[in-house]
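Hi everyone, thanks for coming. I'd like to walk you through one model today, so please have a look at the sequence and the structure on the screen.

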Amino acid sequence: MVRLGTFCSQCCFYDSTNKSCAHKLLDVFQSRDAQVEWHEDGPSIDRICQYRRNHEWNEDKTIEEKIKLCQDHVYLTGTIAVLANNKDSLLSTITKLNSNPKISNFKFIIIYTNIKQNDLLDVCGNNINGQYKLVYAANNNINFQIYKSLVFAKNGYLFILDSNKIFDDNIIDKINYVVNKKLFRLLHVPGTDNLHQSVSMVHIYKWLKGDLEVEFKNKLEDISEQEKSDAQILTWKEINEEYSN
């Protein structure tokens, strides 16, 4: 069987003298139960490290500049589904999300009712710099409307926000932190108020048909129980604790 992994030798972020990683990931990998084996030319890890770059990568840059470039490159991507029935609250939500400099990594899906088409085009066209799709909610089954809209989703993580409710300013940064810096394997974060502020891996959410009939969280837990594996679910309490450390 082929084993996937990462050899740190020849990576521009590995310091062979100090036997250290510039991203400080060796200890993080071990804390996530990855196997780190040491060889004469450096360690190997039984996980894929998306930070690995060879010595020729941006060789004209300082190590600090390389770290920043690499962190920017591996930042989360995905889709933000915004539930909207009011022009002003939709604008407020988009404006707040735009404070994240990496918001262009995400596609917006606006699932709307009770907003005129011209108002939608005005709000979205003038305030969303990247891709967006408008989806009219034809009925009150919001779980179905979200699942149906995923045909337009971009792979990565799906964030669901109700534009009438307050949400965490750092919601995207926090998920990026636990996934890309603390290296948690994450499939789902349950919402704080039904689906509001829920986060899910897009392709798994699609495959299991989202929250249709049974909550997505319960579907993951059922599979986890059958396979005797980790459901890869974190709560916002757990995420906030990691983020504050």
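Let me start with a question: does Leu-90 count as buried or exposed? Leu-90 has 1% relative accessibility, so this residue counts as buried. For the cut-offs, buried means under 20% relative accessible area, exposed means over 50%, and partly exposed is in between, with a 1.4 Å probe and protein chains only.

Before I go on, a word on what you are looking at. This is a predicted model, in which local features need pLDDT of at least 70 and side-chain atom pairs count only at pLDDT 80 or more, while totals for chains, interfaces and linings use all residues. Residues are numbered from 1 along each chain as its sequence is written, and side-chain values use heavy atoms, with hydrogens and water left out.

Back to Leu-90, which sits in helix 3. Helices here are DSSP runs of H or I with at least four residues, strands are runs of E with at least two, and both are numbered from the N terminus. Which residues does Leu-90 touch? Leaving aside residues up to four places away in sequence, the list is Val-82, Ala-84, Ile-110, Ile-115, Leu-120, Val-123, Cys-124 and Ser-163. Contact means heavy atoms within 4.5 Å.

Six strands, in the order 8-7-6-9-11-10, make up an open sheet with mixed pairing. Strand 8 (132-136) and strand 10 are its edge strands, each pairing on one side only. Helix 3 packs on this sheet and touches strand 6, strand 7 and strand 9, and its direction makes about 155° with that of strand 6. Those angles run from 0 to 180 degrees between N-to-C directions, using axes fitted to C-alpha atoms, for helices over the stretch in contact.

Strand 9 deserves a moment. Strand 6 (residues 78-84) runs parallel to strand 9 and is joined to it by 6 bridges; two strands pair if DSSP finds at least two bridges between them. Thr-79 has Leu-158 as its bridge partner in strand 9, and Val-82 has Leu-161. With strand 11, strand 9 pairs in the antiparallel sense over 4 bridges, and there Tyr-157 has Met-201 as its partner.

How many residues of strand 9 are buried? The count is 6 of its 6 residues. In a regular strand the side chains alternate between the two faces of the sheet. In strand 9, Tyr-157, Phe-159 and Leu-161 lie on one side and Leu-158, Ile-160 and Asp-162 on the other, and both faces are covered.

There is another open sheet, with 3 strands in the order 1-5-4 and antiparallel pairing. Its edge strands are strand 1 (6-7) and strand 4 (36-39). Strand 4 and strand 5 share 4 bridges, and Glu-37 has Ser-44 as its partner in strand 5.

On to charges. Side chains of opposite charge can pair when their charged atoms come close. A salt bridge here is a side-chain nitrogen of Lys or Arg within 4 Å of a carboxyl oxygen of Asp or Glu, and by that rule the count is 11. One of them joins Asp-72 to Lys-102, with the closest N and O atoms 3.8 Å apart. This pair links distant parts of the chain, 30 residues apart: Asp-72 is in helix 2, and Lys-102 is in the loop between helix 3 (87-97) and strand 7 (106-112). Lys-68, Asp-72 and Lys-102 are linked in a network of salt bridges. Another salt bridge brings Lys-174 and Asp-168 together at 2.5 Å, N to O. Lys-174 is buried at 10%, whereas Asp-168 is partly exposed at 23%.

I'll finish with Arg-53, in the loop between strand 5 (42-45) and helix 2 (63-73). Arg-53 is buried yet has no salt bridge, and the nearest side chain of opposite charge, Asp-72, is 11 Å away. What does the side chain of Arg-53 reach? It reaches the backbone oxygen of Gln-50, at 2.8 Å.

Terms used: Lys and Arg count as positive and Asp and Glu as negative; His and the chain ends are not counted. A polar contact is a pair of N or O atoms within 3.5 Å; within protein, one must be able to donate a hydrogen and the other to accept it, and residues adjacent in sequence count only if both atoms are side-chain atoms.
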